[in-house]
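Please consult the sequence and the structure alongside the text.

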Amino acid sequence: MAGFTIGDLIRSSMRKIGVLAAGEPLPSDEGDDALQILISMVDAWTLETLLIPVIGVVKFELKNDQAEYTIGIYPEPVPVPLPDNHIETARPEKILTAFIRDASGTDYIQEIIDNETYARISRKSNGSRPSRFYVREGWPLNTILFESVPYADEFLHLEVIQPLSEVIPVAGLTEIINLPPGYRRALEYNLAMDLADEWGKQPSSMTAVSAVEGKKWIKRANYRPLVLGMDRALATQRKGIGTYIIEQGP
């Protein structure tokens, strides 16, 4: 769809609740107030990952003797240079897939494990290419902890879901939003609902229904089907084939 500005979005939302008449310009002070409400709404939408339409790709060169890597926007005061085990990017809401690519271009899949599985690894300082890592949630940085010390000069590749603010620029009223079909309507009606309370307006039932349905349509379009998996340790090697029969086990 064609792009539209933050100001266009706010004007449309205000018209839906009767704050502005058709063709009436947006006063700068009201526009600034509405922008803050939009920023808050976009921040809240980040918690609903199916509202985020873009899967980001992060690539980072692994370092000698480093099994732990922070990821996110480094907080102030920012050291110069940044630590060599820091991945500077918007803190991912979720890491979907990961692999390590060696110098010859061969990829080695990485399994994302939980804290209990990571804790059961008795020796984490071995120098070898890992096949698993644990993500310790933090703020403003997460920490990626590999099961062993990776080889240097190999690259970690991540497919991630990052905050919606990385996709929707909300720095000012003239910023251009360019999103897939359906987003403009969902943003307009949901912002109208949030603005109504601020301006003491009662939104119509159609506005309320359209706000709910708009988010529902986006989530349906962005749905990512789950793929059934199993621990590799369960796979039998009988006849040289790794298989697992759900009814019987390995």
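At roughly what angle do the axes of helix 1 and helix 4 cross? The axes of helix 1 (residues 6-16) and helix 4 (residues 183-198) cross at roughly 55° and come within 8 Å of each other. The model is predicted: local features need pLDDT of at least 70 and side-chain atom pairs count only at pLDDT 80 or more, while totals for chains, interfaces and linings use all residues. Residues are numbered from 1 along each chain as its sequence is written, and side-chain values use heavy atoms, with hydrogens and water left out.

**Overall composition**

- The chain contains five helices and 11 strands; helices (H or I, at least four residues) and strands (E, at least two) are DSSP runs, numbered from the N terminus.
- Of its 250 residues, 38% count as buried, where buried means under 20% relative accessible area, exposed over 50% and partly exposed in between (1.4 Å probe, protein chains only).
- Among contacts in the chain with a separation of 6 or more, 64% are between residues 24 or more positions apart; contact means heavy atoms within 4.5 Å.

**Helix 1 and helix 4**

- Axes are lines fitted to C-alpha atoms, for helices over the stretch in contact, and angles run from 0 to 180 degrees between N-to-C directions.
- From helix 1, D8, L9, I10, S12, S13, M14 and K16 meet R184, L187, E188, Y189, L191, A192 and L195 of helix 4.
- By class, this contact of helix 1 with helix 4 has eight nonpolar, two polar and four charged residues; Ala, Val, Leu, Ile, Met, Phe, Trp, Tyr, Cys and Pro count as nonpolar, Asp, Glu, Lys and Arg as charged, and the others, Gly among them, as polar.

**Helix 1 and its other surroundings**

- Helix 1 packs against helix 2 (residues 28-45) at an angle of about 95°, the axes being 10 Å apart; the two helices are therefore roughly perpendicular to each other.
- I6, L9, I10 and M14 of helix 1 meet E30, G31, A34, L35 and L38 of helix 2, and by class this contact has seven nonpolar, one polar and one charged residues.
- The buried residues of helix 1 are I6, G7, L9, I10, S12, S13 and M14; these pack against strand 1 (4-5), helix 2, strand 11 (176-177) and helix 4.
- After helix 1 comes G18, which has a positive phi near 80°.

- Five strands form an open sheet in the order 4-3-9-8-7, with mixed pairing; two strands pair if DSSP finds at least two bridges between them.
- Strand 4 (86-88) and strand 7 (111-113) are at the edges with a single partner strand each, so one side of each has no neighbour in the sheet.
- From one strand to the next, the twist averages 30°.
- Strand 8 (residues 132-136) and strand 9 (residues 142-146) run antiparallel and are joined by four bridges; Y134 has L145 in strand 9 as its bridge partner.

**Two loop residues**

- T46 lies in the loop between helix 2 and strand 2 (56-61) and counts as buried at 6% relative accessibility.
- Apart from neighbours within four places in sequence, T46 is in contact with I52, E93, P163, L164 and S165.
- A152 lies in the loop between strand 9 and strand 10 (155-161) and is partly exposed, with a relative accessible area of 21%.
- The C-alpha atoms of A152 and K63 are separated by 4.7 Å, although these residues are 89 residues apart along the chain.

Notes. Angles under 35 degrees count as roughly parallel, over 145 as roughly antiparallel, 65 to 115 as roughly perpendicular and the rest as oblique.
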